[in-house]
Amino acid sequence: MTTPIFPTQPLIQTHPLPIPAAAEASAPTLRVLALDLSITATGFALPDGQTGTFKGPWKGDWRLVAIKQAVAGHADGIDLAVIEDLPTHAKAAGITGMVHGAVRTVLMEAGVPYVLITPATLKAFATGKGNADKTAMAIAALKRAGREFPDDNQCDAAWLRWAALDWYDAPEFTVPQVQRDRLTKVTWPELAEVTR
């Protein structure tokens, strides 16, 4: 028997938030896992709306294994994964690209279709401005969904999930049509049980 590489505590720390009774009754049937990938702090939103950040004491490339295992633990029963795309001209794009590769492999092996949304498109959907900062994203989440997040990674992951739900006609709230129209820039997969 081998010694486990990771501590026995869960790799994912969730940030559960109460869901109002009205929201529970109209909960979307589309199960979306949203990921704001990073080697140090990957934000995620689960299908039930809970958010969290993948963190841990791991060093170097072992973080890739930890993130891959954490995502694999939530891939069962997912209809779609939504991933914030790599920034075009960022210094960290190479490192984040490794995280993308590890996560996309997990999703492909699990048969989960995924879609990439550029940061500018996500910001425009959330706020109406493609160059919005982290504060504007947080304010938009509070205004539209009544949600506050402990960090911007979770906020971005929540917006990724909300974008997918909106695109597949299961929005949790409404945004102006001009903001919804920004989602047409995304190459959305056709999902077997979802018609648009």
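How many nonpolar, polar and charged residues are in the lining of the largest cavity?

Analyst: Happy to! This is a predicted model, where local features need pLDDT of at least 70 and side-chain atom pairs count only at pLDDT 80 or more, while totals for chains, interfaces and linings use all residues. Residues are numbered from 1 along each chain as its sequence is written, and side-chain values use heavy atoms, leaving out hydrogens and water.

The lining of the largest cavity has 6 nonpolar, 2 polar and 2 charged residues (Ala, Val, Leu, Ile, Met, Phe, Trp, Tyr, Cys and Pro count as nonpolar, Asp, Glu, Lys and Arg as charged, the others, Gly among them, as polar). A search of the whole structure finds 1 cavity of 30 Å³ or more (a set of points on a 1 Å grid over the protein atoms alone where a 1.4 Å probe fits but cannot get out, with lining residues having an atom within 4 Å of a point). The largest cavity has a volume of about 80 Å³, counted as the space filled by probe spheres set on points joined across faces, edges and corners. Of its 10 lining residues, F54, K55, G56, W58 and I67 lie nearest the centre. Helix α2 (residues 62-72) gives the most to this lining, with 3 residues; helices here are DSSP runs (H or I) of at least four residues, numbered from the N terminus.

Helix α4 (residues 119-127) packs against α5 at about 45°, with the axes 9 Å apart (lines fitted to C-alpha atoms over the stretch in contact, with angles from 0 to 180 degrees between N-to-C directions). That angle makes α4 oblique to α5 (under 35 degrees is roughly parallel, over 145 roughly antiparallel, 65 to 115 roughly perpendicular, the rest oblique). Their crossing is left-handed, with the near helix turned anticlockwise from the far one by less than a right angle. Here L122, K123, A126 and T127 of α4 meet A136, M137 and A140 of α5, where contact means heavy atoms within 4.5 Å. This contact has 5 nonpolar, 1 polar and 1 charged residues.

Helix α5 (residues 134-145) in turn meets helix α6 (residues 152-167), their axes coming within 10 Å and crossing at roughly 55°. This makes α5 oblique to α6, and the crossing is left-handed. Among the contact residues are M137 and A140 of α5, with W159 and W162 of α6. That contact divides into 8 nonpolar, no polar and 4 charged residues.

Finally, α4 and α6 pack at about 75°, with axes 10 Å apart, which makes α4 roughly perpendicular to α6. L122, F125 and A126 of α4 meet D156, W159, L160, W162, A163 and D166 of α6.

Terms used: On a 1 Å grid over the protein atoms alone, a cavity is a set of points where a 1.4 Å probe fits but cannot get out, and a pocket is an open set with protein on both sides within 12 Å along at least five of seven lines; lining residues have an atom within 4 Å of a point. Helices (H or I, at least four residues) and strands (E, at least two) are DSSP runs, numbered from the N terminus.
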